[in-house]
Amino acid sequence: MVWCTGRLADFFEDYVVYRNLEPQTQDIPGLSASWQQIGLLDSAVPRKTSPEYARTLAHFLRIAQEQRGLAPLRNILFIGDTMLNDGGAARNVGSYWPVRGFIGADRLKEPAICEIKDVLMVANRWGMLADFWQSLLEENVPCDERTALLIDLDKTSLGARGRNDQVIDGARVSAVERTMRAALGDTFDKQAFLAVYNPLNQPTNHHVTADNQDYLAYVCLMVAGDVIPVDELWKRIGEGAIASIDDVVALCDGRRSAMSLPLLAAHEQVQEGIAQNDPTPFKEFRRGEYLETVARMNVLGGDASEKEVLNSEIVITGEVASLALHLKEQGVLVFGISDKPDEASTPTPELALEGNEPIHRTVMKIYGNSVI
């Protein structure tokens with residue numbers, strides 16, 4: 001198989017925001033500088049499903065459109081992979097402009113099905129993005145210079161859900177392992193780590209981790225370092241003595257004497273971040289995630305098989321890329337959004353000097369059929 005390569009920036013340019021809502025283009029002031037102008041109560045980063053997130057996106061889109069020197073936007077298109085996060089974000093953006101969205105995934109063991117749920121088309125094949133495009137044409141939905149296309153990054157424009165998303169998850173797990181090994185050295189036990197990580201990562205324990213990978217990595221490190229013995233962790237969770245990440249941090253803070261210097265540094269980093277309402281308090285873990293993620297982009301030779309690439313590399317979703325490139329050529333403002341933390345998505349200044357790029361500017365193989 002002959003592989004084509006590209007970058008998400010081929011259609012986004014630098015119109016991309018990661019979790020902190022700081023646009024990668026220097027021409028748009030980010031959340032930290034413009035929260036008052038946006039009309040928010042403070043500079044805290046809103047969750048993707050909140051009205052405040054949609055308000056912030058609307059602000060960025062208006063500025064981007066003004067900078068293009070064009071008339072105001074009149075409608076929005078949206079492509080994502082989850083009904084809760086992406087579907088919720090799409091509907092909230094619909095408070096500002098008419099919106100039409102596509103929520104996709106590959107569920108190849110199921111019969112192919114495509115459903116319309118109010119303003120969203122929900123499909124279990126990425127190839128059905130062609131049906132979404134056809135419906136826009138049939139209904140004369142504007143797709144021109146006064147249209148914006150919002151596209152989710154992780155598991156939509158790259159590492160497509162149901163097709164290639166396991167490589168993204170694998171990079172994150174490897175980043176946790178990387179963090180463990182750095183702090184624990186030869187005492188790190190991978191099997192014991194997974195025995196804690198996997199159940200803690202389930203919805204039944206999200207009251208402890210808040211479905212936040214930084215919190216999850218921190219708890220696993222404190223257990224692996226024997227600050228909280230594993231049996232005690234499960235006992236306290238079962239009894240309700242540990243009901244949130246704050247309970248874990250408080251318990252560990254009383255056991256500083258049991259921590260090595262690397263463990264203490266990690267604890268203080270997370271403790272300080274949580275106190276400052278930082279949704280990404282475990283910076284070292286997330287910087288490791290960036291390295292693990294880009295290490296899975298376009299590493300195999302051009303003659304690698306489809307199976308080899310999909311099992312080990314993060315690839316651009318061909319269906320999404322084809323539609324995005326086509327709409328960009330028609331003048332549509334193509335804008336990328338991501339829940340992935342900035343620290344896991346962009347290089348440190350030192351890494352940038354070595355030639356590393358943000359994820360949206362990193363070369364990847366492209367897999368999937370054109371829908372145009």
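The lining of the largest pocket divides into 12 nonpolar, 9 polar and 16 charged residues, where Ala, Val, Leu, Ile, Met, Phe, Trp, Tyr, Cys and Pro count as nonpolar, Asp, Glu, Lys and Arg as charged, and the others, Gly among them, as polar. The model is predicted, and local features need pLDDT of at least 70, side-chain atom pairs count only at pLDDT 80 or more, and totals for chains, interfaces and linings use all residues. Residues are numbered from 1 along each chain as its sequence is written, and side-chain values use heavy atoms, with hydrogens and water left out.

The space in the largest pocket amounts to about 1,100 Å³. A pocket is here an open set of points, on a 1 Å grid over the protein atoms alone, with protein on both sides within 12 Å along at least five of seven lines, whereas a cavity is a set of points where a 1.4 Å probe fits but cannot get out; lining residues have an atom within 4 Å of a point. Grid points are joined across faces, edges and corners, and a volume is the space filled by probe spheres set on the points. Among the 37 residues that line the largest pocket, Arg-19, Arg-47, Asn-85, Asp-211 and Asp-339 are the closest to its centre. Helices α4 (83-93), α6 and α9 (213-224) each supply at least two residues of this lining, and the largest share, 4 residues, comes from α6. Helices (H or I, at least four residues) and strands (E, at least two) are DSSP runs, numbered from the N terminus.

A search of the whole structure finds 1 cavity of 30 Å³ or more, and the volume of the largest cavity is about 30 Å³. The largest cavity is lined by Asp-154, Leu-158, Ile-168, Thr-293, Met-297, Ile-314, Lys-340 and Ile-359, which by class are 5 nonpolar, 1 polar and 2 charged residues.

Buried means under 20% relative accessible area, exposed over 50%, and partly exposed in between (1.4 Å probe, protein chains only). When residues up to four places away in sequence are not counted, Ile-79 touches, among others, Phe-102, Trp-126, Leu-149, Ile-151 and Val-320, contact meaning heavy atoms within 4.5 Å.

Rings of Phe, Tyr and Trp (its six-membered ring) pair if their centres lie within 6.5 Å, and planes under 30 degrees apart count as stacked, over 60 as edge-to-face and the rest as tilted. The pair of Phe-102 and Trp-126 is tilted, because the ring centres are 6.2 Å apart and the planes stand at 50°. Since Phe-102 lies in strand β4 (residues 99-103) and Trp-126 in the loop between β6 (120-123) and α5 (129-138), this pair ties together parts that are 24 residues apart in sequence. Phe-102 and Trp-126 are both buried. Phe-102 also forms a tilted pair with Phe-132, at 5.9 Å centre to centre and 50° between the planes, and this pair links strand β4 with helix α5, the two residues being 30 residues apart. Phe-132 is buried, as is Phe-102, and Phe-102, Trp-126 and Phe-132 form one aromatic cluster.

Val-332 is placed in the loop between α15 and β9 (333-337) and counts as buried, at 3% relative accessibility. Although Val-332 and Leu-77 are 255 residues apart in sequence, their C-alpha atoms are 9.6 Å apart in space.

Most residues other than glycine have a negative phi.
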